[in-house]
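Please look through the sequence and the structure below before reading on. The report that follows takes up a sheet and then the nonpolar cores.

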Amino acid sequence: MRPQLPQLIPSEICLECPVCCRFPEKQATLSPFFFPEERNQVQSIKSKGSFREAAIGQASKAELVTCGHGFACSFFNPEDHTCQTYEARPLDCSMYPAVVMESKDHQKVLLGADTKCPALSRPSVTAKLHQYLDSIQRYLESTTLSSLIRQYPQFISEFQEEVVEVRELSLGKA
């Protein structure tokens with residue numbers, strides 16, 4: 001099990017958020033990705049959520065379910081804005097609003113911050129963004145994680161126009 005990352009957005013802000021864990025379409029690109037170890041850990045706590053891919057022990061995206069005018073992560077509780085798997089949440093969720101995506105030309109892997117996160121408009125949060133992305137970049141470029149990301153390239157999202165403070169990730173050789 002990997003250690004949880006420091007959280008950029010304070011929990012009290014997250015619990016008031018009307019955006020996080022919700023998506024406009026059922027197959028949303030930024031829906032949570034689980035590496036096999038993360039999926040196994042979530043399945044061991046017997047949460048009510050589910051995965052898109054049925055095969056146990058494989059990497060998977062979270063299943064998205066109808067919620068309001070769109071969809072939500074199946075591990076999300078819309079009544080109190082909490083996550084059923086918060087203590088075992090995947091890297092993809094732990095590092096949010098940081099996202100890993102491919103460049104527009106599909107030639108590079110990039111790290112940036114998703115501007116759909118309303119907390120990024122708060123000066124107290126934006127003041128810490130550059131330092132936060134630096135720490136996430138170092139973490140993702142570590143030998144163990146870069147190797148895991150190369151093994152599971154579906155962790156890397158499609159290019160997103162709304163992502164800012166973009167920098168290239170060096171994940172080593174495939």
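Two strands are said to pair if DSSP finds at least two bridges between them, and helices (H or I, at least four residues) and strands (E, at least two) are DSSP runs, numbered from the N terminus. This is a predicted model, in which local features need pLDDT of at least 70 and side-chain atom pairs count only at pLDDT 80 or more, while totals for chains, interfaces and linings use all residues. Residues are numbered from 1 along each chain as its sequence is written, and side-chain values use heavy atoms, with hydrogens and water left out.

**The sheet**

Three strands form an open sheet in the order β1-β5-β4, with antiparallel pairing. Because β1 (22–23) and β4 (64–67) stand at the edges, each with a single partner strand, one side of each is left without a neighbour in the sheet.

| Strand pair | Sense | Bridges |
|---|---|---|
| β1 and β5 | antiparallel | two bridges |
| β4 and β5 | antiparallel | four bridges |

Within β5, A72 is the bridge partner of R22, and F71 stands opposite T66. The hairpin of β4 and β5 has two residues between the strands, and G68 takes a positive phi near 60° there.

**The cores**

A nonpolar core is a set of buried Ala, Val, Leu, Ile, Met, Phe, Trp, Tyr and Cys residues joined through side-chain atoms within 4.5 Å, where buried means under 20% relative accessible area (1.4 Å probe, protein chains only). The largest nonpolar core has 32 residues, and L91, M95, V100 and L140 have the most contacts inside it. To this core α4 gives the most, with seven residues. Apart from it lies another core, of 19 residues, including A72 and C73.

Conventions. Buried means under 20% relative accessible area, exposed over 50%, partly exposed in between (1.4 Å probe, protein chains only).
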